[in-house]
Amino acid sequence: MQPPDPRTGSLEVFAVCLPGVEHLLASELRAAGIAAAPEVLAGGVAFAGGWSEVYRANLESGLASHVLVRIAEFGARSLADLDQRGARVPWRDWLPHGTAFEVRAHCRRSRIYHSGAAEQRIHAHLAAQLGTASAAEPVRVRVRIHDNRCRISLDTTGTALHRRGWRLEPGRAPLREDLAHALLLVSGWDRRSTLIDPFVGSGTILIEAAALARNLPPGRGRGFAFEQFTSHDAALWTRVRESANARERAGLEFRILGRDRDAGAIAAARANAMRAGVAADLDLAVARLSELDPTGWSGRGAVVTNPPYGLRLGSAARLPTLYRSLGRILAARPVGWDVTLAAADRRLALRTGLELTSALLVDSGGTKIRALTTHAAGDSDRPPAPAPHPRDGND
Ligand SMILES: C[S@@+](CC[C@H](N)C(=O)[O-])C[C@H]1O[C@@H](n2cnc3c(N)ncnc32)[C@H](O)[C@@H]1O
């Protein structure tokens, strides 16, 4: 497979995401015009596109964690096959000499079962063409040998996309940025009305929210692995960024409020928001949950939050009381206000007594996190539940 012309060629692209987020990611990519016919698979979304779509997916997706492009595919029933075909891949067409790289192989239901041996073979071919430079962030080459078929992809992203570059102060129990993004998407928040997070921590949910409302691309503050690729088209990349910048909204005419009892958390949220370029959009202050008073709220709005849940924070014994208080306070909210909670412990969330339904179940590094929401209209705009056994992503 030769790299296609930067403007016209078609690549096989796979956007990786947290398990459970695939349908939301497909909708995001379709709505942005990045993928015309995205295919939902386990762990991500496959689509066809050129470099423009690869650049845009990296820059604009709030849900993807890596964007891979397929560079070779062949049958491989033995290490000798892998050697022979690996030698024929035109590596230099994809990565210039001197690029630091790292090979990761995964074997399943195949006669080649030793992933370490497969890695060595591919590594040797790459090293023969590119040399053996080292770097803190090598380009990742992914080799999948499933059912005796070998598929080789390059990671065009580098550091995972949820690391936007602004969260240098993570607080004590931060939510992943892509998960915060997903929570906002299923919450029903309309991006035009008041948003409150009473357990704001390092500010992740609200910083993502302000960026969503202002159309700031999630990847605006960081670099990407594709900038090192042989075919990198700097002019195209500039146009992609300029076109994203042109869609930005200058300021918000509604309020985004974050509260936390911990002054250190509020300081971290402020510093993170400053780096993210949304400090002026957020109203952050130290306050306990007991100071939240919904009787003064009016119009439409949303509470989207990630309350403490005891895996990492606080005394588990006090949590049921905290959730009951949260429920009692939010029960007084006016009509038109929805509540969405990120919950690792569903039973704890149900202590609120709020009528919550599950909008999303995400596997975040082994911890299952649900988005529980009162957003009643969700049945129509919520993504359908994933198929019971979707085909494996990078197959
Ligand atoms: C799970 S963390 C939130 C993490 C946040 N989503 C982030 O990404 O950084 C929960 C936060 O609730 C705060 N908190 C705990 N009890 C509180 C209370 N009674 N009132 C206000 N904040 C509280 C903690 O200080 C902590 O920052």
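Reader: Leaving aside its neighbours within four places in sequence, which residues is R92 in contact with?

Author: Happy to start there, and please keep in mind that this is a predicted model. R92 is found in helix α4. Contact here means heavy atoms within 4.5 Å. Once its neighbours within four places in sequence are set aside, the contacts of R92 are H97, Q129, L130 and T230.

Reader: How far is the side chain of R92 from the backbone oxygen of Q129?

Author: Q129 is one of the residues that R92 contacts. A polar contact is a pair of N or O atoms within 3.5 Å. The side chain of R92 reaches the backbone oxygen of Q129 at a distance of 3.1 Å.

Reader: Does R92 count as buried, partly exposed or exposed, and why?

Author: Buried means under 20% relative accessible area and exposed means over 50%, with partly exposed in between. R92 has 42% relative accessibility, so it counts as partly exposed.

Reader: What distance separates the C-alpha atoms of R92 and L252?

Author: Along the chain, R92 and L252 are 160 residues apart.

Reader: Why is helix α2 described as largely enclosed by the rest of the structure?

Author: Helix α2 covers residues 51-60. Its buried residues are W51, V54, Y55, R56, A57, N58, L59 and E60. They pack against several elements, including β1, α1 and β3.

Reader: R109 has a positive phi and is not a glycine; what is the value, and where in the chain is R109 found?

Author: Phi of R109 is near 45°. As for its place, R109 is found in the loop between β5 and α5.

Reader: What about R191: which loop does it lie in, and how exposed is it?

Author: R191 also is not a glycine, and its phi is positive at about 65°. It lies in the loop between α6 and β8. With 32% relative accessibility, R191 counts as partly exposed.

Reader: Now for the ligand: which of the 21 residues around it come nearest?

Author: The shell around the ligand divides into twelve nonpolar, four polar and five charged residues. Of the 21 residues there, the nearest are L175, S202, T204, D260 and L289.

Reader: How much of the area that the ligand exposes when taken alone does the protein bury?

Author: Let us begin with some atom pairs. An oxygen atom of the ligand is 2.6 Å from an N or O atom in the side chain of S202. Backbone N or O atoms lie 2.9 Å from a ligand nitrogen atom in the case of L289, and 3.2 Å in the case of R261. Taken alone the ligand exposes 610 Å², and the share of this that the protein buries is 95%.

Reader: Let us step back to the whole chain: why does it count as being as compact as a globular protein of its length?

Author: The chain contains twelve helices and 14 strands. For 395 residues the globule rule gives 21 Å, and the chain is as compact as a globular protein of that length because its radius of gyration is close to that value, at 23 Å.

Reader: Last one: what percentage of the residues of the chain count as buried?

Author: A residue is buried when its relative accessible area is under 20%. Of the 395 residues, the share that count as buried is 55%.

Conventions:
Residues numbered from 1 in each chain as written. Predicted model: local features only at pLDDT ≥ 70, side-chain atom pairs only at ≥ 80, totals over all residues. Heavy atoms only, no water. Near = heavy atom within 4 Å. Polar contact = N/O pair within 3.5 Å; in protein donor to acceptor, adjacent residues only side chain to side chain. Areas by Shrake-Rupley, 256 points an atom, 1.4 Å probe, with all protein chains shown as cover. Nonpolar A, V, L, I, M, F, W, Y, C, P; charged D, E, K, R; others polar. Helix = DSSP H or I, 4+ residues; strand = E, 2+ residues; numbered from the N terminus. Rg over C-alpha atoms; globule rule 2.2 N^0.38 Å. Buried < 20%, exposed > 50% of the residue type's maximum accessible area, 1.4 Å probe, protein only.
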